[in-house]
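Hi everyone, thanks for coming. Please have a look at the sequence and the structure on the screen, and I will walk you through them.

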Amino acid sequence: MASVASQGFGTNLREAIFKKLGKLTPTAIDQIGVHSITNRATYDVNQIQLTTAMAIRLLSRAPFLCVFGVIMAWQVSPKGGQILLFALIPAAIVIYVIYRLSLPFFERARRFLDKATRLIIDLLSGVRVIRAFNRQEHERRYFAETNESLEKEMTGALKISGLMNPLTTLILNVAIFFILRAGGYNVYQGSLSEGELLALINYANQVLMALTVAANTFNLVTRSKNSVERVVEVIDAPDVEQEPEAE
């Protein structure tokens, strides 16, 4: 169902962009750029399509797993439920901070990707002129600079995004440590059974799994946010002005 919904959404989105291209004013086309429109109709739509599928399959259930995992842990042991609840707060902060930090890198990477696409289109359309004036080395050097800038921005974004899983896992493992510490003491006192302690660990692992899924999906959301803005910019661009009617 998620595949059908996401693929259908991507199909409709590409069709809407294609229909819009025939109505764009020359000024709008020049402002956005043919190279950028090409990327928006292909790469950006694919990114949105992938994020839609992952959000339907994974992100939609992660909040329920977290909430009910905490509720069930609270029913077994109020203290264990409190530990899990307090662990969710820094985990949510980490996800939000990483989302905000990586977003500018992805935005700059999109611009460099547009620039690289423009250089490739210019090279293919003007290859005879470039060879005639012996400008191959200049074009190669110019493209290498753009390609290196794209690599730098994407590397920076992925390095920041790559911190999300380890940090959320660390926070939840620390919470599990405190659950074991407090639960072991309660088991020793006889106020908690070994089975209830095991249930608390299982609920904590369930919350950890849900947070890991949410973190991975948020990485995709971060990338697709800029793609959504770029696609909307094309769809909302002004249409060709109507020819004045002859009197």
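Cys 66, Gly 69, Val 70, Ala 73, Trp 74 and Val 76 of H4 meet Pro 78, Gly 81, Gln 82, Leu 84, Leu 85 and Leu 88 of H5, where contact means heavy atoms within 4.5 Å. The residues of this contact divide into 9 nonpolar, 3 polar and no charged. In that count, Ala, Val, Leu, Ile, Met, Phe, Trp, Tyr, Cys and Pro are nonpolar, Asp, Glu, Lys and Arg are charged, and the others, Gly among them, are polar.

Before going on, a word on what you are seeing. This is a predicted model, in which local features need pLDDT of at least 70 and side-chain atom pairs count only at pLDDT 80 or more, while totals for chains, interfaces and linings use all residues. Residues are numbered from 1 along each chain as its sequence is written, and side-chain values use heavy atoms, with hydrogens and water left out.

Back to our pair. Two packed helices are described by the angle between their axes and the distance between the axes. The axes of H4 and H5 come within 5 Å and cross at roughly 155°. That makes H4 roughly antiparallel to H5. The angle classes are these: under 35 degrees is roughly parallel, over 145 roughly antiparallel, 65 to 115 roughly perpendicular, and the rest oblique. The axes are lines fitted to C-alpha atoms, for helices over the stretch in contact, and the angles run from 0 to 180 degrees between N-to-C directions.

Now let's step back to the whole protein. How many helices and strands does the protein have? There are 9 helices and 0 strands, counted as DSSP runs numbered from the N terminus, with at least four residues (H or I) for a helix and at least two (E) for a strand. The radius of gyration is 26 Å, well over the 18 Å that the globule rule gives for 247 residues, so the protein is more spread out than a compact globule. That radius is taken over C-alpha atoms, and the rule is 2.2 Å times the number of residues to the power 0.38. Along the principal axes, the C-alpha atoms fill a box of roughly 90 × 55 × 25 Å. Among contacts between residues at least 6 apart in sequence, 87% join residues at least 24 apart.

What about the inside? Buried residues make up 38% of the 247 residues; buried means under 20% relative accessible area, exposed over 50%, and partly exposed in between, with a 1.4 Å probe and protein chains only. The largest nonpolar core has 30 residues, and those with the most contacts inside it are Leu 84, Leu 172, Ile 179, Val 207 and Leu 211. By nonpolar core I mean a set of buried Ala, Val, Leu, Ile, Met, Phe, Trp, Tyr and Cys residues joined through side-chain atoms within 4.5 Å. Helix H4 (62-76), helix H5 (78-125), H8 and H9 each give two or more residues to this core, and H9 gives the most, with 10 residues. Apart from it lies another core, of 12 residues, among them Leu 13, Ala 41, Ile 48 and Ala 237.

Let's visit a few residues in turn. Leu 172 is found in helix H8 and, at 0% relative accessibility, counts as buried. Beyond its neighbours within four places in sequence, Leu 172 is in contact with Leu 84, Ala 91, Ala 204, Val 207, Leu 208 and Leu 211.

Thr 168 also lies in H8. Is Thr 168 buried or exposed? At 1% relative accessibility, Thr 168 counts as buried. Leaving out neighbours within four places, Thr 168 is in contact with Ala 91, Ile 95, Leu 208 and Ala 215.

Ile 95 sits in helix H5 and is buried at 7% relative accessibility. Phe 178 of H8 is partly exposed, with a relative accessible area of 40%.

The axes of H1 (residues 2-21) and H9 (residues 194-235) come within 9 Å and cross at roughly 40°. That makes H1 oblique to H9. Leu 13, Ile 17, Lys 20 and Leu 21 of H1 make this contact with Val 231, Val 234 and Ile 235 of H9.
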